[in-house]
Amino acid sequence: MISELSRRRFVENLAASTLGVTVLHNTSRFGFSEETAAAAGKAKNVIFLQMIGGMTHIDTLDPKEGPTQGPKAPLKTNADFMLGGTMENLAKHGDKISIIRSMTSKTGVHASGQYIIRTGYEQRGTIKHPAMGAWAEHFLGASHKTLPSSVCVNRQPNNGNGFFPAALSPLPILDPEAGLQNATPEVRQETFSKRLALLDKLDAGFRSRFQTAGVKSYTEFYENTVRIMSSEDLKAFDISDEPEALKEKYGRNQFGQGCLLARRLVEKGIRYIEVASNGWDMHNNIDEELEDKGVELDIALSTLLDDLKERGLLASTLVVLCSEFGRGPKVNQNGGRDHHPKVFSTLLAGGGVKGGFIYGASDKGGFEVADKGTTIQDFLSTIGFAMGLPVDEVVMSPSNRPFTVGDKGKPIMELFA
Amino acid sequence: MKATACLFFALFAGSIVAEEVFRTWTDTQGRKVEATFRGVEGGNVFLQAKNGYVYRLPLERLSAEDQKVAATLKPEGLGIPADPNLAQAAAKIDMLVNAGLTKANQKPNPLASDEQFCRRVYLDIVGRIPTREEALAFMNDTSLSKRAKLVDKLLNSPGYNSHLFNYLADMMRMADVANKGRFYTYQEWLKGELNKGTTWDKIVYQMITADGRLLDNGATGYLLRDAGMRLDNLSLTLSTFLGANVACAQCHDHPFADWTQMQFYQMASFMGATDTIGYRNAGSQKSPEMMAIRQALKDEDRKFQQQARNVIRANAMAVHDTSNNDLVLPDDYKYKDAKPGDKVQPKLVTWDKRDTYLRSYQDTKTKEPEALRKEFAEWLTAPDNPRFAMTIANRMWKRAFGVGVKEPVTDIDDPETSVNPPLLHHLTAEMVRLKFDLKAFMRLVYNTQAYQREATSFEFEAGTPYNFPGPILRRVTAEQAWDSCVTLAVGDKVDGFTNHRGEKYASAMNIDISNPETIADQVRGALMAVRQAGTAAGNGKKVKGKKKAAMMRRMEESDDEEGVATRPPTLGGLVLARASELPQPERDQHFLRQFGQSDRQIADSSSDEGNIPQVLMLMNGDAQRVIGSSQSLAVQSASTLANPEEQIEALYVSFFTRKPSAEEVAAAKEAITGGVTLSDLAWVLFNTREFVFVE
């Protein structure tokens, strides 16, 4: 079941798009000019690529020469900036991407870092904060009539709904090649219906005695799931009918196939797709690790940009590459790099964002921010702005505390074309 | 699906246990005691005094009048306790809980029914639902001491260790594979300690001080889990075992708490002379030792070289102390008290100025680098460490109630901000009194009235104080759900299989890496031995794709007794063993992971939330098929009964540990008349909220 609120918003949204009405909430606080305000809302879809473990900025998006340079020398791109030596394919897409090289954060701990880059808030024992996909669904309504509005690939959903109803939590696909498992009942439809009817009857007493959020959300999930099971849209999750050649092109690994699934889900109208890539915590022998994970990223991301572009989806799809923090400029005694939240890099492409653009800078060695320090809150607000979310609108949690998309960060207007 | 209110349940929820009644009891010699009546059993009467102590005296010692009263009075509370001292200690906890409730102007929940109690203690203590036989045995037991007896029986059964292992494995991120090494011996070591009943302080002490190779000494697994990442490891040690919220101080002064980055590094200095990067420099591919091995293997094919690297890594993973404490401040250290790169002297943190007078601080006279780690471990696990006992007591309380006295359990820097500080301090004192014997501590908690009350049915908002009117309504953990599925399928045989991968793996893998000349042959031998051990144990290999589908169709179950002893039973393609005996963590698509088992990357990260793939799995996955099949014990034993009423009741007892109401029987019977089978009914019960939540 979609909550009443999101159902209403869905209808409103549908009306808005068919009637050509555009509602812009998010121009008030920052006093944007009409021109920049027009950039808002171009990203109908977002593919959020999260490198789990802390992606080394120096070896990928913010290459350095000199004592802090990694195993490979920086590479020239087709734009007027350089990329890390492993990014051979991405170098040909420099004209499609923007890089923020002045990201900075306060936490060097994986769990809390990953939490902040998904939600914009620090992890607390007292409240769960929503990830961007849930924020978008809250403001814009469901992106599809049966499918969920957010999907996360290669990772558990980990409370992506935050304090919003559990129905706003992203649907997890833990293995993109396997897709959505167990989607068809084993018994005939008639028997299945009988089972459901009896289930409703026999469980009614328990549900009325224990009206807790946990019990209610399970009931919602059952309703949503039954609806999806009987829908044609199930095929969205099945990449088996994608051409073999394309699967190869993305890279036959979980991240590559996850990117392919993400593109497919964008085509089917799912708004917010997170794809995780594990294994970026490179404390030891970073040269070997980059041959593995770095190459994987380079190939998958480049193919994704090509694929979206060819299908005419890049203009309306924002591709984001990020990580919980960067890695230290100094190579440690084990040939690895340690956690480095002080400065790191993120990438944005499509969805109204400029190509061939570098925002901000780190210092010569990649130790600290040298120009235009950007917080994770600014970064998430930028994504929110690109999606047309009212980033300054205060939303009260059920416990009556005020929250905003990206925790009062400031969208970076220079990034928009 | 619309939730319709049902009269039966409304009445059920409304039943209230009477307030405790004290009366004056007189014995034959005229001595008096003010006490509640707990019952008569075996010719003895049990009376609980106001201080909680339970007197047991022969019935004929009571005055004639009181003997008459005892014959007619309804027993109060939880029935007859296992021992008087335990009852008194439990009553003390109840007094503190009740004081907290009174202060918040709240009332405790009514006591749970026998059925609710039975299902809850099975799930909480042994991690699975009871079988139908076990449930009926408890329901039909008329003795007044049956609750206390069941708690004791369950605490002393193997399921207790299995269930506690699952909790600790999540807390300490125990994974089969970490840093490209296999950690089987670590798991086996912990299971062994739990089986032996080793106390919590000793377990932690062993992990922090463990020396040698992972293959030889599983306890080294704790430090090797974070090999080469000693700061992260320390941060987890402090938050997990001491509830010290220091993670931020790793990189900068803590914004809220009092921790400074200097304090963090002073603590880290205790680990500064401990090397985890590998025996004979094997962690570094560029060390002379490894170069020599590479040279010796250079003519082998690439696949073999890769396999050889894995075998060598397994043999090289080790912890040892050096004479050099190389811990220095980070390059970006920005405070005035020292400079980046400065050496840091070890110094224990304090939570209070007076802490330094405690014996555990006085005993620490750090001098030799080799001894630093041991001194740290002694301080960490000392009974008078200001937070060690409190942290584990608070965690164990949370296991029973679903919420800690102080939340989150990884931050108890200020116990006075907890929901009930006197309760937290008392639980800490009890943990020390019981010498960190977790089983004894849990026995105490399970014998409180607070624990044995009905689950709270209202929604309690995260962040608002919960005063423990009873446990909260909890969704079962992934491991509880899985182990319960296996119980439905094979009954109490669920506890029959234990794997011993660690021992087999260690003996197969063990080679001498100091001799590059023979390395290739040794590696071949090790690979062969591992393959053999893997086949004999019947695990370690994932069955995939077509082969798996074929296996599922075959519905194979081994009746061979010897076979069951070495390999777990399988049914419908599922390995029917306890979660603790399966891969850690299970593969992504397995029931356990879909239901929220932690990926073991982040501490305490199992999930109790639903999602669409999980519900699809519950409705259409392997588990429901196996449980609903005619070969599952629950369905099979129900099908042998004569009439539908009995069959329905049998399934209700198997799934819910209770008999169905008349309305439920009527509804199920009507459905059966309409063509619903027992398999369908099993599917229905499996998919209810009642099945996945613990009352």
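## Briefing on a predicted model of chains A and B

Chain A is divided into domain 1, which takes in residues 23–178 and 242–415, and domain 2, which takes in residues 180–237. The model is predicted, and every value below is computed from it. Chain B, with 695 residues, has 51% of them buried, and its secondary structure comprises 32 helices and 13 strands.

**Domains**

- In chain A, the centres of domain 1 and domain 2, taken over C-alpha atoms, are separated by 34 Å, and the contact between these two domains takes 11 residues from domain 1 and 12 residues from domain 2.
- On the side of domain 1 of chain A that touches domain 2 of chain A, eight residues are nonpolar, one is polar and two are charged.
- Chain B is likewise divided, with domain 1 spanning 18–76 and domain 2 made of 230–277 and 319–384; the C-alpha centres of these two domains of chain B lie 56 Å apart.

**Where the chains meet**

- The contact between the chains takes 66 residues from chain B and 68 residues from chain A.
- On the side of chain B that touches chain A, helices H1, H26, H30, H31 and H32 of chain B each supply at least two residues, and the largest share, seven residues, comes from H26(B).
- Sorted by class, that side of chain B has 29 nonpolar, 20 polar and 17 charged residues.

- Among contacts in chain B between residues at least 6 apart in sequence, 67% join residues at least 24 apart.
- The largest nonpolar core has 289 residues, and those with the most contacts inside it include residues of both chains, among them A:Ile47, A:Val320, B:Leu651 and B:Ala682; helix H17 of chain B, residues 388–401, gives the most to this core, with nine residues.
- Another core, of six residues, lies apart from the largest one and includes A:Met51, A:Trp280, A:Met282 and A:Leu290.
- Leaving out residues up to four places away in sequence, B:Leu651 touches B:Ala634, B:Ala638, B:Leu678, B:Leu681, B:Ala682 and B:Leu685.

- In helix H5 of chain B, residues 132–140, the residues B:Arg132, B:Glu134, B:Ala135 and B:Phe138 are buried; seen down the axis of H5(B), its buried residues fall within an arc of 165°, so they line one face of the helix.
- The buried residues of H5(B) pack against helices H4, H6, H28 and H29 of chain B.
- B:Thr487 belongs to helix H20 of chain B, residues 478–490, and B:Thr487 is buried because 29 other C-beta atoms lie within 10 Å, where 20 or more are needed for that label.
- Setting aside its neighbours within four places in sequence, B:Thr487 is in contact with B:Arg128, B:Ile129, B:Thr131 and B:Val494.

**Strands of chain B**

- Strands S7, S9 and S8 of chain B form, in that order, an open sheet of three strands with antiparallel pairing; S7(B) and S8(B) stand at the edges with a single partner strand each, so one side of each is left without a neighbour in the sheet.
- S8(B) pairs with S9(B), residues 318–321, over two bridges, and B:Asp321 in S9(B) is the bridge partner of B:Thr274.
- Strand S3 of chain B, residues 44–49, and strand S4 of chain B, residues 54–58, run antiparallel and are joined by five bridges, with B:Leu47 standing opposite B:Tyr55.
- The hairpin of S3(B) and S4(B) has four residues between the strands, and in this hairpin B:Gly52 takes a positive phi near 100°.

**Backbone exceptions**

- As background, most residues other than glycine have a negative phi, and most peptide bonds are trans.
- The peptide bond from B:Glu407 to B:Pro408 is cis, with omega near -10°, and B:Pro408 is found in the loop between H17 and H18 of chain B.
- A cis peptide bond also joins B:Gln584 and B:Pro585, with omega about -15°, and B:Pro585 is in the loop between strand S12 and helix H25 of chain B.
- A:Asn154, which is not a glycine, has a positive phi of about 70°, and A:Asn154 counts as buried, with 22 C-beta neighbours inside 10 Å.
- B:Lys435, also not a glycine, has a positive phi of about 55°; B:Lys435 lies in the loop between H18 and H19 of chain B and is partly exposed, with 14 other C-beta atoms within 10 Å.

Methods:
Residues numbered from 1 in each chain as written. Chains lettered and ligands numbered in written order. Predicted model: local features only at pLDDT ≥ 70, side-chain atom pairs only at ≥ 80, totals over all residues. Buried ≥ 20, exposed ≤ 12 C-beta atoms within 10 Å, placed from the backbone. Contact = placed C-beta atoms within 7 Å. Nonpolar A, V, L, I, M, F, W, Y, C, P; charged D, E, K, R; others polar. Domains from an automatic or database assignment. Pairing = 2+ DSSP bridges. Core = buried A, V, L, I, M, F, W, Y, C linked by C-beta atoms within 7 Å. Arc of directions from axis to C-beta.
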